[in-house]
Amino acid sequence: IKKAESIGEGTDDDLSGLAQAALGRAEMDLKKWSDASKSFAASSEKIADSSLAMILLENQGRAAQASGDASQATDCFTKLTQSSDLYYQVRGHSLLGDLNNPNYAAKTAGGAKTTATEGQSKTARTHYDAALAALVPSEGHVLTVSLKALRSDISRRKALLP
């Protein structure tokens, strides 16, 4: 953390943004979820036009989710679905599905799983459907092996919804 902070001091925006991203990654490794989410947000602001922007957004959402901030995680993952890149569109819908999937329900402070609502299952199903719709190859095209595997995984998650 100290190295990442020192690199970002007195540098231009791009290097400072990359240092913020490295700081966020270090904070995630230390399970400082709220701090990590803030670091990724700061990094995103500094290098918004970078090819790393969607990765930073996903990490920010994951850190927010881990810290218990489902609203911020939803915002981050929703922005992913609006990407012009198919991978990130699908990734965003998949993460939103997982966020609402009762099979991945968060635990309460006492360690018991939270009770999922029927609405959460419906929301998860909607996002999985959107991801699967994006993974339908256009005429004359074939999905890569990795996209076929992703489609299979999302289908499995959807099938296991209550």
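How close do the axes of helix H6 (residues 86-100) and H8 come, and at what angle do they cross? I looked this up before anything else.

**Entry: ground rules**

I am working with a predicted model, in which local features need pLDDT of at least 70, side-chain atom pairs count only at pLDDT 80 or more, and totals for chains, interfaces and linings use all residues. Residues are numbered from 1 along each chain as its sequence is written, and side-chain values use heavy atoms, with hydrogens and water left out.

**Entry: H6 and H8**

I found that the axes of H6 and H8 come within 11 Å and cross at roughly 20 degrees. My note on method: axes are lines fitted to C-alpha atoms, for helices over the stretch in contact, and angles run from 0 to 180 degrees between N-to-C directions. The crossing of roughly 20 degrees makes H6 roughly parallel to H8. I keep the cut-offs here: under 35 degrees counts as roughly parallel, over 145 as roughly antiparallel, 65 to 115 as roughly perpendicular, and the rest as oblique.

H6 passes H8 in a left-handed crossing, a term for the near helix being turned anticlockwise from the far one by less than a right angle (right-handed if clockwise). I then listed who touches whom: Val90, Ser94 and Asp98 from H6, and Leu150, Ile154 and Arg157 from H8. Contact means heavy atoms within 4.5 Å. Sorted by class, this contact of H6 with H8 has three nonpolar, one polar and two charged residues. For the classes, Ala, Val, Leu, Ile, Met, Phe, Trp, Tyr, Cys and Pro count as nonpolar, Asp, Glu, Lys and Arg as charged, and the others, Gly among them, as polar.

**Entry: the whole fold**

I stepped back and found eight helices and zero strands in the protein. Helices (H or I, at least four residues) and strands (E, at least two) are DSSP runs, numbered from the N terminus. Along the sequence, the pattern reads α-α-α-α-α-α-α-α.

Of the 162 residues in the protein, 37% are buried. Buried means under 20% relative accessible area, exposed over 50%, and partly exposed in between (1.4 Å probe, protein chains only). Among contacts with a separation of 6 or more, 46% come from residues 24 or more positions apart.

**Entry: H3 and H4**

The axes of H3 and H4 come within 8 Å and cross at roughly 160 degrees, which makes H3 roughly antiparallel to H4. H3 passes H4 in a left-handed crossing. Residues making the contact include Trp33, Phe40 and Ala41 of H3 and Leu56, Asn59 and Ala63 of H4. By class, I noted nine nonpolar, five polar and no charged residues.

Is Asn59 buried or exposed? Asn59 is buried, at a relative accessible area of 16%. Leaving out residues up to four places away in sequence, Asn59 touches Arg25, Met28 and Phe40.

**Entry: salt bridges**

How many salt bridges does a search of the whole structure find? I wrote down seven. A salt bridge is a side-chain nitrogen of Lys or Arg within 4 Å of a carboxyl oxygen of Asp or Glu. Side chains of opposite charge can pair when their charged atoms come close.

Asp29 and Arg25 form one of them (3.1 Å, N to O). Both lie in helix H2 (residues 13-29), four residues apart, about one turn of the helix. Asp29 is exposed at 54% relative accessible area, whereas Arg25 is partly exposed at 39%.

Asp129 and Lys158 also meet in a salt bridge (2.5 Å, N to O). This pair links distant parts of the chain, with Asp129 in helix H7 (residues 118-134) and Lys158 in helix H8 (residues 145-159), 29 residues apart.

Asp153 pairs with Arg156, their closest N and O atoms 2.5 Å apart. Asp153 and Arg156 both sit in helix H8, three residues apart. I also noted a network of salt bridges linking Asp98, Asp153, Arg156 and Arg157.

**Entry: a loop residue**

My last stop was Lys31, in the loop between H2 and helix H3 (33-46). Phi of Lys31 is near 60 degrees, a positive value in a residue other than glycine. Most residues other than glycine have a negative phi. Lys31 is exposed, at 58% relative accessibility.
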